[in-house]
Amino acid sequence: MDAVPLAYLITFRSYGTWLHGDARGAVNRFRNQFGTEFIERDDHWLRRNQKMLNETPVTLDLEQRRAIELSIPQTCDIRTWSLYAVNIRTNHVHAVVSSGEARPSSC
């Protein structure tokens, strides 16, 4: 199917706030398509990932959230995406964007 989605929900978390192995489940680059099951809870993997952190987990303060709030529209302008919604929380960000007629390039 060559249809282009109407919009994309982009979500990302701040550093160290939701690691693989977490009881809430997780995704990775191999299991990130709509409908794919989450990676299951794995306490051993979670502890290993926690030990591998180079810094403490990041909780976004007001200044950091404002910087992200300015950066997302700038990125959309550069990429000629339409921004429909953005919500910045203390440990994660959501943005709804569309790329018009073009399919997004893979990262």
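Ala85 sits across from Val96 of β3, with strands taken as DSSP runs of E of at least two residues and helices as runs of H or I of at least four, both numbered from the N terminus. The model is a predicted one, in which local features need pLDDT of at least 70 and side-chain atom pairs count only at pLDDT 80 or more, while totals for chains, interfaces and linings use all residues. Residues are numbered from 1 along each chain as its sequence is written, and side-chain values use heavy atoms, with hydrogens and water left out.

Stepping back, the protein has 2 helices and 3 strands, and its elements follow the order β-α-α-β-β from the N terminus. Of the 107 residues, 21% count as buried, where buried means under 20% relative accessible area, exposed over 50%, and partly exposed in between (1.4 Å probe, protein chains only). Contacts are heavy atoms within 4.5 Å; among those between residues at least 6 apart in sequence, 54% join residues at least 24 apart.

Now for the sheet. It is open, has 3 strands in the order β1-β3-β2, and pairs them antiparallel. β1 (8–13) and β2 (82–88) stand at the edges with a single partner strand each, so one side of each has no neighbour in the sheet. On average, neighbouring strands are turned by 15 degrees against each other, direction ignored. Pairing here calls for at least two DSSP bridges between two strands. β1 and β3 are joined by 6 bridges, and Ile10 faces Ala95 of β3. β2 and β3 also pair over 6 bridges, with Ser82 opposite Ser98, and these two strands make a hairpin with 3 residues between them. As for cover, 5 of the 7 residues of β3 are buried.

α2 is laid across β2 and β3, at about 165 degrees to β2; axes are lines fitted to C-alpha atoms, for helices over the stretch in contact, and angles run from 0 to 180 degrees between N-to-C directions. The largest nonpolar core holds 8 residues, namely Leu60, Ile68, Ile72, Cys76, Ile88, Val93, Ala95 and Val97. α2 (62–79) and β3 (92–98) each supply at least two residues of this core. Such a core is a set of buried Ala, Val, Leu, Ile, Met, Phe, Trp, Tyr and Cys residues joined through side-chain atoms within 4.5 Å. Leaving aside residues up to four places away in sequence, Ile68 touches Leu60, Ile88 and Val93.

The loop between β1 and α1 (43–52) holds Thr17, which is buried at a relative accessible area of 18%. The Thr17 side chain makes a polar contact with the side chain of Arg13 (3.4 Å), meaning a pair of N or O atoms within 3.5 Å, in which, within protein, one must be able to donate a hydrogen and the other to accept it, and residues adjacent in sequence count only if both atoms are side-chain atoms. A polar atom of the Thr17 side chain also lies 3.5 Å from the backbone oxygen of Asn91. Not counting residues up to four places away in sequence, Thr17 touches Arg24, Pro57, Val58 and Asn91.

Phe30 lies in the loop between β1 and α1 too, but counts as exposed, with 65% relative accessibility. Its C-alpha atom is 25 Å from that of Ile72, 42 residues apart along the chain.
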